[in-house]
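Colleague: I have a model open and some questions about it. Can we go through them one by one?

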Amino acid sequence: MLPQTRFSYPDRLTIERLPDGGDKNAFAADVLEGLTKRPKALPPKYFYDELGSRLFEAICRLPEYYLTRAEAEILKFGAEEIVSAVAGPVRLIELGSGSAEKTRHIIEALLRRQPELQYVPVDISDASLESSSRELLRTYQGLRITAYAGDYFTALRAIARARKDSRGSLRTIALFLGSNIGNFDPEGARLFLKNVRQTLKPKDALLIGADLKKDRQTLEAAYDDPLGVTSAFNLNLLLRMNRELAAEFDVSKFKHHAEYNEQQGRVEIYIVSLENQTIRIGALDTEVSFYEGETIHIENSYKFDLNQLSEIAAETGYTLAKTWFDRSRRFSFNLFAAA
């Protein structure tokens with residue numbers, strides 16, 4: 001089945017609303033499963049409702065969140081070299097596009113090389129896709145956008161179908177910016193990269209951001225800022241359950257917690273119950289009990305070294321062609337060439 005078109009904008013914008021992407025029924029099913037197992041856990045993709053997406057944009061501006069500045073530095077000074085690594089003309093796919101603010105460096109570098117660019121952003125948030133796409137189209141006259149609202153795996157299947165049906169010969173640069181690859185466990189990261197590879201052809205490429213291993217203090221501060229913005233972002237997941245599933249969470253009875261697990265090479269993020277309590281979730285017609293100190297595991301953020309990145313590339317159908325660093329070598333962009 002082809003994706004369902006949600007709306008289009010004359011000749012330059014189409015947003016495809018994928019049937020399985022981020023709907024309330026999936027959210028309800030995942031909440032029921034995640035809060036009734038031990039230990040409790042919820043998928044991090046549900047952070048990004050409209051409010052969650054705005055809170056994450058605020059996180060990206062925090063001084064402790066070095067990742068955004070490191071990314072911007074690499075893209076500002078390296079975009080031309082990055083796009084020149086793939087012979088053009090190309091189309092651009094972005095997984096987890098968000099506001100697409102960082103992507104502008106790549107878009108501008110490509111439009112200096114080719115008169116038109118097909119941009120294919122993917123995001124779980126309809127609102128974010130719509131607003132960012134319209135803003136980009138106002139800025140770049142040579143841009144054409146076909147956006148997909150849905151989760152990564154559903155969108156990748158739709159993109160692969162669309163490319164198979166197309167007669168175009170454009171090469172592809174896929175983007176997976178931020179440190180999003182670190183949100184997968186090792187097995188999940190490899191599965192994701194293999195799915196991306198199925199969308200690509202030989203001589204296409206994936207530009208992937210990867211945060212690098214460093215000291216505990218720097219890492220934990222990035223995920224637990226003193227202003228509490230990251231805490232608000234995390235706890236918004238409880239508020240989303242209140243809004244969408246008629247849950248009765250009192251956010252003041254929970255707290256955000258982040259810690260670096262050096263042995264596993266990851267920052268672990270939790271919501272912690274501050275007391276014994278029972279929460280009713282009306283839309284699920286169920287109650288969930290918590291004991292004091294019990295956690296909901298929300299997210300891991302894995303950190304990497306170059307040997308790990310090279311191994312992951314080789315195991316999933318790529319070669320690690322080149323790596324770019326910020327001046328402090330805290331963060332990396334890695335060009336995975338499709339083998």
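Predicted model: local features only at pLDDT ≥ 70, side-chain atom pairs only at ≥ 80, totals over all residues.

Colleague: What is the mean pLDDT of the protein chain?
Modeller: Look at the whole chain now. A pLDDT of 70 or more is reached by 94% of its residues. The mean for the protein chain is 92.

Colleague: What radius of gyration does the protein chain have?
Modeller: The C-alpha trace spans about 60 × 45 × 35 Å along its principal axes. The chain has 339 residues, so a compact globule would have a radius near 20 Å. The protein chain agrees with that, at 20 Å.

Colleague: What share of the residues of the protein chain counts as buried?
Modeller: Start with the surface. The accessible surface comes to about 15600 Å², and 48% of that belongs to carbon and sulfur atoms. To count as buried, a residue needs under 20% relative accessible area. Of the 339 residues, the buried share is 52%.

Colleague: Is Ser-132 buried or exposed?
Modeller: Ser-132 sits in helix 5, which covers residues 126–139. Leaving out residues up to four places away in sequence, Ser-132 touches Gly-98, Ser-99 and Ala-100. Its relative accessibility is 7%, so Ser-132 counts as buried.

Colleague: Which residues does Ser-133 touch, not counting residues up to four places away in sequence?
Modeller: Ser-133 is also placed in helix 5. Its relative accessibility is 0%, so Ser-133 counts as buried. Its contacts are Leu-13, Pro-121, Ile-145 and Ala-147.

Colleague: Back to Ala-100, a contact of Ser-132. What is its phi near?
Modeller: Ala-100 lies in the loop between strand 4 (90–95) and helix 4 (103–111). With a relative accessible area of 2%, Ala-100 is buried. Its phi is positive, in a residue other than glycine, and is near 60°.

Colleague: Is Ala-246 buried or partly exposed?
Modeller: Ala-246 is in the loop between helix 9 (229–245) and strand 9 (254–261). Phi of Ala-246 is near 55°, a positive value in a residue other than glycine. Its relative accessible area is 42%, so Ala-246 is partly exposed.

Colleague: What separates the C-alpha atoms of Arg-161 and Thr-199?
Modeller: Arg-161 belongs to helix 6, residues 152–165. With a relative accessible area of 34%, Arg-161 is partly exposed. Thr-199 is 38 residues apart from Arg-161 along the chain. Their C-alpha atoms are separated by 8.7 Å.

Colleague: How far apart are the mean positions of the positive and negative charges?
Modeller: The protein chain has 45 positive and 48 negative charges. Take the mean position of each set. The two are apart by 6 Å.

Note on methods: Residues numbered from 1 in each chain as written. Heavy atoms only, no water. pLDDT = per-residue confidence, 0-100. Helix = DSSP H or I, 4+ residues; strand = E, 2+ residues; numbered from the N terminus. Buried < 20%, exposed > 50% of the residue type's maximum accessible area, 1.4 Å probe, protein only. Contact = heavy atoms within 4.5 Å. Rg over C-alpha atoms; globule rule 2.2 N^0.38 Å. Areas by Shrake-Rupley, 256 points an atom, 1.4 Å probe, with all protein chains shown as cover. Lys, Arg positive; Asp, Glu negative; His and termini not counted. Charge placed at Lys NZ, Arg CZ, Asp CG, Glu CD.
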